[in-house]
Amino acid sequence: MRAVILCLLIAGAVGAGCVSEKKAKWEAQQAYMAGQEKAMQGATQTQPQRPQGPVVFVQGPVRNSVVEWQEGMKLSQAVVAADYTG
């Protein structure tokens, strides 16, 4: 029954004959993976670039919670680099 409904749905959408359940699952998996890949590409494009070296994490009302560590950095310099908004 499930295979018949699946075939009817796919045949209605594609306008072709019945598709095997195995092929339908494979196509659904391929579509899912393509969507996941596209979402990951979009996520990496919208996020700011993270520093590669050591970092300082700043919590609170700041625009940049991750600040690249610099030798001799003081707390006040980290807060300024984090762009404190409070």
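Visitor: Hi! Where is R63 found?

Guide: Hello! This is a predicted model, and in it R63 sits in the loop between strand 1 and strand 2.

Visitor: Is R63 buried or exposed there?

Guide: R63 is exposed, as its relative accessible area is 61%. The cut-off for that word is over 50%.

Visitor: Okay, and which residues does R63 touch?

Guide: Leaving aside residues up to four places away in sequence, R63 touches A82, D83 and T85.

Visitor: Let's pick D83. How far apart are R63 and D83?

Guide: Along the sequence they are 20 residues apart, while in space their C-alpha atoms are 5.5 Å apart.

Visitor: And what joins their side chains?

Guide: A polar contact of 2.8 Å joins the side chains of R63 and D83. The pair also forms a salt bridge, with 2.8 Å between the closest N and O atoms.

Visitor: What about D83, how exposed does it count as?

Guide: D83 counts as partly exposed, because its relative accessibility is 30%.

Visitor: Nice. How many salt bridges does a search of the whole structure find?

Guide: The search finds two. Besides the R63 and D83 pair, there is one between K25 and E21, where the closest N and O atoms are 3.8 Å apart.

Visitor: How are K25 and E21 placed in helix 2?

Guide: They are four residues apart in helix 2, which covers residues 21–46, so about one helical turn separates them. E21 counts as partly exposed, with a relative accessibility of 30%.

Visitor: Changing topic: how many helices and strands does the chain have?

Guide: The chain has three helices and two strands. If you follow the sequence, the pattern reads α-α-β-β-α.

Visitor: And how much of the chain counts as buried?

Guide: The chain has 86 residues, and 13% of them count as buried.

Visitor: What does the accessible surface come to?

Guide: It comes to about 7,300 Å² for the chain, and carbon and sulfur atoms account for 58% of that.

Visitor: Last one! Of the contacts between residues at least 6 apart in sequence, what share joins residues at least 24 apart?

Guide: That share is 6% for this chain.

Note on methods: Residues are numbered from 1 along each chain as its sequence is written. This is a predicted model: local features need pLDDT of at least 70, side-chain atom pairs count only at pLDDT 80 or more; totals for chains, interfaces and linings use all residues. Side-chain values use heavy atoms; hydrogens and water are left out. A salt bridge is a side-chain nitrogen of Lys or Arg within 4 Å of a carboxyl oxygen of Asp or Glu. Buried means under 20% relative accessible area, exposed over 50%, partly exposed in between (1.4 Å probe, protein chains only). Contact means heavy atoms within 4.5 Å. A polar contact is a pair of N or O atoms within 3.5 Å; within protein, one must be able to donate a hydrogen and the other to accept it, and residues adjacent in sequence count only if both atoms are side-chain atoms. Accessible areas come from the Shrake-Rupley method with a 1.4 Å probe; for residues, only the protein chains shown count as cover.
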